[in-house]
Amino acid sequence: MKKIKRQAVSNKSECVACGVCALECKRQAIQIFKGCYAIVDTSLCVGCGMCEKNCPAGAIEMEVIE
Ligand code: SF4
Ligand code: SF4
């Protein structure tokens, strides 16, 4: 059976730019763009879900990519 791959997606209108997700991400896949909102580098994200789990604003969702 094929393993499901997931990727983090940030919602910039809900993000409060606290930076928690960037600190939690072991792959350094998240940056806070101009101090305003989180952006995920999808080429680095391994879908661990730590950012989603720790975001206080519920601004990250895990999306199934395949
Ligand atoms: S899912 Fe994991 S690897 Fe991907 S951005 Fe979030 S913390 Fe980083
Ligand atoms: S943890 Fe959530 S609110 Fe904080 S910067 Fe990341 S996406 Fe934005």
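Predicted model: local features only at pLDDT ≥ 70, side-chain atom pairs only at ≥ 80, totals over all residues.
Is Ile65 buried, partly exposed or exposed? Ile65 is partly exposed, at a relative accessible area of 38%. Buried means under 20% relative accessible area, exposed over 50%, and partly exposed in between (1.4 Å probe, protein chains only).

Residues are numbered from 1 along each chain as its sequence is written, chains are lettered from A and ligands numbered from 1 in the order in which they are written, and side-chain values use heavy atoms, with hydrogens and water left out.

**View 1. The whole chain follows a β-α-β-β-α-β pattern.** Two helices and four strands make up this order. Helices (H or I, at least four residues) and strands (E, at least two) are DSSP runs, numbered from the N terminus. The C-alpha atoms fill a box of roughly 40 × 20 × 15 Å along the principal axes. The radius of gyration is 11 Å, which agrees with the value near 11 Å for a compact globule of 66 residues. That radius is taken over C-alpha atoms, and the globule rule is 2.2 Å times the number of residues to the power 0.38. Of the 66 residues, 27% count as buried. Among contacts between residues at least 6 apart in sequence, 59% join residues at least 24 apart. Contact means heavy atoms within 4.5 Å.

**View 2. The surface of the chain and its charges.** The accessible surface comes to about 4,700 Å², and 53% of it belongs to carbon and sulfur atoms. Areas come from the Shrake-Rupley method with a 1.4 Å probe; for residues, only the protein chains shown count as cover. There are 9 positive and 7 negative side chains. The centres of the two sets lie 6 Å apart. Lys and Arg count as positive and Asp and Glu as negative, while His and the chain ends are not counted. Each charge is placed at NZ of Lys, CZ of Arg, CG of Asp or CD of Glu.

**View 3. Phe33 and Tyr37 form a tilted aromatic pair.** A search of the whole structure finds one aromatic pair. In the pair of Phe33 and Tyr37, the ring centres are 5.6 Å apart and the planes make an angle of 40°. Rings of Phe, Tyr and Trp (its six-membered ring) pair if their centres lie within 6.5 Å; planes under 30 degrees apart count as stacked, over 60 as edge-to-face and the rest as tilted. Phe33 is partly exposed, at 35% relative accessibility.

View 4. Ala17 lies in the loop between β1 (6-10) and α1 (20-24). Its phi is near 55°, and Ala17 is not a glycine. Ala17 is partly exposed, at 24%. Gln28 sits in the loop between α1 and β2 (30-33). Phi of Gln28 is about 50°, again positive in a residue that is not a glycine. Gln28 is exposed, at 59% relative accessibility.

**View 5. Gly35 lies in the loop between β2 and β3 (37-40).** Gly35 is exposed, at 54% relative accessibility. Its C-alpha atom is 32 Å from that of Ile4, 31 residues apart along the chain.

**View 6. Ile65 lies in the segment after β4 (60-64).** Leaving aside neighbours within four places in sequence, Ile65 is in contact with Lys5, Arg6 and Gln7. The C-alpha atoms of Ile65 and Gly47 are separated by 9.8 Å, at 18 residues apart along the chain.
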